[in-house]
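Subject: Structure handover

Hello,

Here is the structure you are taking over. My notes on it follow below.

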Amino acid sequence: MASSSIPKVDLLPFLKEGDAEGKKKAREIIGEACSEYGFFQVVNHGVPLGLMRRALELSKVFFQIPFEEKIKLAPKTGAPLPAGYSRQPDHSLDKNEYFLMFPPTSSFNVYPTHPPEFKEVLEEIFTHLTKAGLLVESIINECLGLPPNVLKECNHDRSWDFMVALRYFPATEIENNGITEHEDGNCITFVFQDQTGGLEVWKNGKWIPLTPEEGTLVVNLGDAIQVLTNEKFKSATHRVVRQNGRSRHSFAFFYNLPGDKWVEPLSEFTKEIGEPPKYRGFFYKDYQNLRMRNKTHPPSRPEDVIHITHYSIPTQKK
């Protein structure tokens with residue numbers, strides 16, 4: 001099935017005055033996608049096309065550097081996530097290497113010196129994607145029918161956002177997994193990828209490949225939104241399938257939550273409308289740690305992998 005099954009939304013009406021009809025149409029499309037499977041695509045999002053191209057070009061140059069040089073950028077201790085260069089361990093089902101950074105002002109960041117422009121481009125695109133996150137968050141707030149800025153006030157600390165440049169290795173004759181089927185733990189994720197493709201979303205019982213389109217950002221909701229909305233909006237299930245004979249390069253930006261944030265269904269979706277909460281509350285860092293353990297110490301049985309269902313409240317039988 002073609003990636004046209006995943007809706008594409010023009011955000012230009014939100015970046016200029018007027019065009020109420022364009023905004024209304026975009027909200028309807030986004031609202032429907034988020035309530036069903038949590039995935040959509042956006043164009044005219046404010047991130048310059050030339051910058052997206054340059055980021056992918058420099059990322060490819062960086063990952064071609066010998067491993068002995070890249071590993072010098074190993075993460076510092078004490079960071080909430082491994083900022084700098086990392087490679088998935090051999091026992092991992094995920095087959096990729098990546099470079100992770102927090103906001104440009106973060107002391108956790110470890111930057112490469114080669115290619116020379118890479119640091120500047122990374123910081124610039126991080127800033128643009130942060131602005132895109134604020135915009136999409138406000139649109140989602142409207143789609144949910146919430147009073148203005150409820151989501152923004154719930155998640156106003158941007159110091160925990162992070163971005164990852166990834167290289168997926170070519171598929172082998174016996175396996176092609178890039179990242180296993182999963183949901184993101186955060187609020188909103190943006191992805192742009194090179195022409196290799198490989199990103200797939202689970203929709204209506206089928207895996208739908210998203211054909212790369214230059215200048216398009218793929219947007220998916222994470223577990224935090226699913227919990228905050230008490231499942232009114234869904235966390236997107238997705239995976240990456242590696243291709244034969246070629247590496248895949250992509251960027252993923254995670255519009256995140258502070259680690260000490262207490263996460264539970266908002267009252268607008270529970271007691272204010274007489275609905276019981278579907279999740280018990282938790283500190284976001286605790287869930288993040290459980291998810292990291294899934295990666296560093298993969299359970300032997302798939303059913304033992306921690307998902308957001310770990311915090312689900314069993315439905316009371318009547």
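Of the 318 residues in the protein chain, 52% count as buried, where buried means under 20% relative accessible area, exposed over 50%, and partly exposed in between (1.4 Å probe, protein chains only). Please note that this is a predicted model, in which local features need pLDDT of at least 70 and side-chain atom pairs count only at pLDDT 80 or more, while totals for chains, interfaces and linings use all residues. Residues are numbered from 1 along each chain as its sequence is written, and side-chain values use heavy atoms, with hydrogens and water left out.

Overall shape

For 318 residues, a compact globule would have a radius of gyration near 20 Å, and the 19 Å of the protein chain agrees with that; the radius is taken over C-alpha atoms, and the globule rule is 2.2 Å times the number of residues to the power 0.38. Along the principal axes, the C-alpha atoms fill a box of roughly 60 × 50 × 45 Å. The accessible surface of the chain is about 15,400 Å², and 52% of it belongs to carbon and sulfur atoms (Shrake-Rupley method with a 1.4 Å probe; for residues, only the protein chains shown count as cover). Of the contacts between residues at least 6 apart in sequence, 77% join residues at least 24 apart, a contact being heavy atoms within 4.5 Å.

The sheet

The chain has 7 helices and 14 strands; these are DSSP runs numbered from the N terminus, with helices (H or I) of at least four residues and strands (E) of at least two. An open sheet is formed by 8 strands in the order S1-S2-S10-S7-S12-S5-S4-S3, with mixed pairing; two strands pair if DSSP finds at least two bridges between them. Strand S1 (8–10) and strand S3 (84–87) are at the edges with a single partner strand each, so one side of each has no neighbour in the sheet. On average, neighbouring strands of this sheet are turned by 25 degrees against each other, direction ignored. S1 pairs with strand S2 (residues 39–43) in the parallel sense over 3 bridges, and Lys8 stands opposite Gln41 in S2.

Helix H4 (residues 118–143) lies across several strands, including S2, S4 (96–101) and S7 (188–193), and runs at about 130 degrees to S7. Axes are lines fitted to C-alpha atoms, for helices over the stretch in contact, and angles run from 0 to 180 degrees between N-to-C directions.

Salt bridges

The structure holds 16 salt bridges, each a side-chain nitrogen of Lys or Arg within 4 Å of a carboxyl oxygen of Asp or Glu. In one of them, Arg54 meets Glu57 with the closest N and O atoms 2.9 Å apart. Both lie in helix H2 (residues 49–63), 3 residues apart, about one turn of the helix. Arg54 is partly exposed at 28% relative accessibility, and Glu57 is partly exposed at 42%.

Arg54 also forms a salt bridge with Glu117 (2.5 Å, N to O). Glu117 is in the loop between S4 and H4 and Arg54 in helix H2, so this pair ties together parts 63 residues apart in sequence.

Asp194 forms a salt bridge with Lys60, the closest N and O atoms being 3.9 Å apart. Asp194 lies in the loop between S7 and strand S8 (199–203) and Lys60 in helix H2, so the pair ties together parts 134 residues apart in sequence. Asp194 is buried at 6% relative accessible area, whereas Lys60 is partly exposed at 33%.

Regards
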